[in-house]
Amino acid sequence: MPGLQADDAREEERLKAALWYSTGQTVDAVAVSQNLNATPHFIGGLSEMCWAQIENIAQDLEAFAKHGGRSTINAKDVVLLARRNEGLSAVLQAEAKTVKERDAR
């Protein structure tokens, strides 16, 4: 359906714009604190790289959930995604444990 595709494209552009804005705000804050300059070209490139990484992460998380026979992504999928980054994995596992304990009360 052409209308749905147009809506999806508009939503993607809206999300990309929000990411670009947030990236720009973060880069500007760091640049000011360190007395550096960041060009709009740099911010655009960083935003595009972040968008590509987000797309890859989303695809991996969907694949992990599907492999587990689920249609919903859960915390185990996120922890599995971080398996190659020991520090991040440890933080995510600890947070998942905290949430699980809190929910059990």
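This is a predicted model: local features need pLDDT of at least 70, side-chain atom pairs count only at pLDDT 80 or more; totals for chains, interfaces and linings use all residues.
Colleague: How many helices and strands does the protein have?
Modeller: The protein has four helices and zero strands. Both are DSSP runs numbered from the N terminus: helices are H or I with at least four residues, strands are E with at least two. The pattern along the sequence is α-α-α-α.

Colleague: What radius of gyration does the protein have?
Modeller: The protein has 18 Å, while a compact globule of 105 residues would have a value near 13 Å. The radius is taken over C-alpha atoms, and the globule rule is 2.2 Å times the number of residues to the power 0.38. Along its principal axes, the C-alpha trace spans about 45 × 45 × 30 Å.

Colleague: And what share of the residues is buried?
Modeller: Buried residues make up 15% of the 105. Buried means under 20% relative accessible area, exposed over 50%, and partly exposed in between, with a 1.4 Å probe and protein chains only.

Colleague: On to helix 2. Why does its end-to-end distance agree with its length?
Modeller: Helix 2 covers residues 40-67, and its 28 residues should span 40 Å at 1.5 Å a residue; the end C-alpha atoms are 40 Å apart, so the two agree. The expected span is 1.5 Å times one less than the number of residues.

Colleague: Which residues of helix 2 are buried?
Modeller: Ile-43, Gly-44, Ser-47, Trp-51, Leu-61, Phe-64 and Ala-65.

Colleague: Take Ala-65. Why does Ala-65 count as buried?
Modeller: Ala-65 counts as buried because its relative accessibility is 2%. Leaving aside neighbours within four places in sequence, Ala-65 is in contact with Arg-70, Thr-72, Ile-73 and Asp-77. Contact means heavy atoms within 4.5 Å.

Colleague: What comes just after helix 2?
Modeller: Gly-69 is there, with a positive phi of about 75°.

Colleague: New topic: Ser-89. Where is Ser-89 found?
Modeller: Ser-89 is in helix 4, residues 86-104. Ser-89 counts as buried because its relative accessibility is 10%.

Colleague: Which residues does Ser-89 touch?
Modeller: Not counting residues up to four places away in sequence, Ser-89 touches Val-79, Ala-82 and Arg-83.

Note on methods
Residues are numbered from 1 along each chain as its sequence is written. Side-chain values use heavy atoms; hydrogens and water are left out.
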